Amino acid sequence: MALLQRMDADLVLRGLSSNTRASYLTHARLFLEFCERPVEALTTEDIRRFLTFLLTERRVTPATANVYSAALRFLFAVTLDRPLNYLQIPRAKQRKGLPAVLSRTQVADVLAQCANLKHRALLALIYGSGLRVSEAAGLHVADIDSAAMRVFVASGKGNKDRYTLLSQTALEALRDYWRGYRPQHPEGWLFPGPGATGHITASGIALAFDQALARAGITTPASVHTLRHCFATHLLEDGATLLQIKELLGLASLHSTTVYLHLANLTGGIRSPLDALSVGRPTDG
């Protein structure tokens with residue numbers, strides 16, 4: 001469809017990632033199929049009907065509905081060049097739950113259950129450097145700076161470059177992996193995928209984590225992205241500032257980092273004011 005091709009070109013010009021482009025294009029296509037009307041006749045009311053259908057009939061989560069909404073706003077405002085009254089397209093309210101976090105012992109157990117040197121190095125890097133799964137998958141050999149003990153993350157979320165920590169333990173896991181695999185790829189991927197056609201996929205890393213989690217006997221509902229939350233939470237417990245964690249994670253705002261205040265155990269060494277009071281114990285009668 002010519003309209004979707006034009007939208008894809010607009011997404012490229014905005015510098016959006018390939019994953020975002022694919023998501024927006026799929027959502028726009030489903031919207032157009034739902035409406036079954038000429039593009040010229042589509043209005044804000046069509047967007048409202050479609051989002052209501054998604055929430056009530058398809059039972060999508062509010063977060064998913066908001067992604068659809070963002071895609072349709074882009075379609076109308078950018079590709080179709082039609083101004084919208086955004087007050088008529090309210091965002092679905094999302095429940096702000098806290099992400100799962102594993103204890104340090106549990107993280108160690110997961111890594112210990114990775115017999116595969118490649119998978120152990122990957123998971124060690126994700127936890128030890130606070131990487132997103134896609135960032136770990138897309139690392140190049142040259143991104144590992146063992147002299148300065150840091151990892152270069154090129155074009156992270158928001159197309160931003162950054163440096164983050166390189167753990168000594170992760171470096172040793174990488175060296176074990178290098179000696180065992182001797183990965184060679186013409187594009188320099190640190191973790192080549194099967195057949196050396198590209199780098200390892202995010203789904204391949206997620207599968208390795210899920211298998212290690214199961215072998216460790218951990219029933220906490222966790223995903224490989226949980227390791228990134230663990231990195232931030234454990235750093236905060238060890239005294240790192242929210243600003244430092246924000247920069248290491250590559251987050252857009254300091255506000256996004258405050259969730260880790262709710263995850264970290266910050267009660268150690270703090271005495272409740274009640275314990276400073278002289279309160280006698282009650283006696284019966």
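1. Basis. The model is predicted: local features need pLDDT of at least 70, side-chain atom pairs count only at pLDDT 80 or more, and totals for chains, interfaces and linings use all residues. Residues are numbered from 1 along each chain as its sequence is written, and side-chain values use heavy atoms, with hydrogens and water left out.

2. Strand pairing. An open sheet is formed by three strands in the order β1-β2-β3, with antiparallel pairing. Strands β1 (144–145) and β3 (162–165) stand at the edges with a single partner strand each, so one side of each has no neighbour in the sheet. Two bridges join β1 to β2 (residues 150–153), and I144 has V151 as its bridge partner in β2. Strands are DSSP runs of E with at least two residues, and helices are runs of H or I with at least four, numbered from the N terminus; two strands pair if DSSP finds at least two bridges between them.

3. Charge over a ring. R150 lies over the face of Y163, at 3.6 Å from the ring centre. The criterion is NZ of Lys or CZ of Arg within 6 Å of the ring centre and within 35 degrees of the ring normal.

4. Aromatic pairs. The count comes to nine aromatic pairs, where rings of Phe, Tyr and Trp (its six-membered ring) pair if their centres lie within 6.5 Å, with planes under 30 degrees apart stacked, over 60 edge-to-face and the rest tilted. F34 and F50 form a tilted pair, 5.2 Å centre to centre with 55° between the planes. This pair links helix α2 (residues 18–35), which holds F34, to helix α3 (residues 44–56), which holds F50, and the two residues are 16 apart.

5. F34 is partly exposed, at 26% relative accessible area, whereas F50 is buried, at 2%; buried means under 20%, exposed over 50%, and partly exposed in between (1.4 Å probe, protein chains only). The centres of F50 and Y68 are 5.6 Å apart with planes at 70°, so this pair is edge-to-face. Y68 belongs to helix α4 (residues 62–79), 18 residues from F50, and both residues are buried. One aromatic cluster comprises F31, F34, F50, F53, Y68 and F76.
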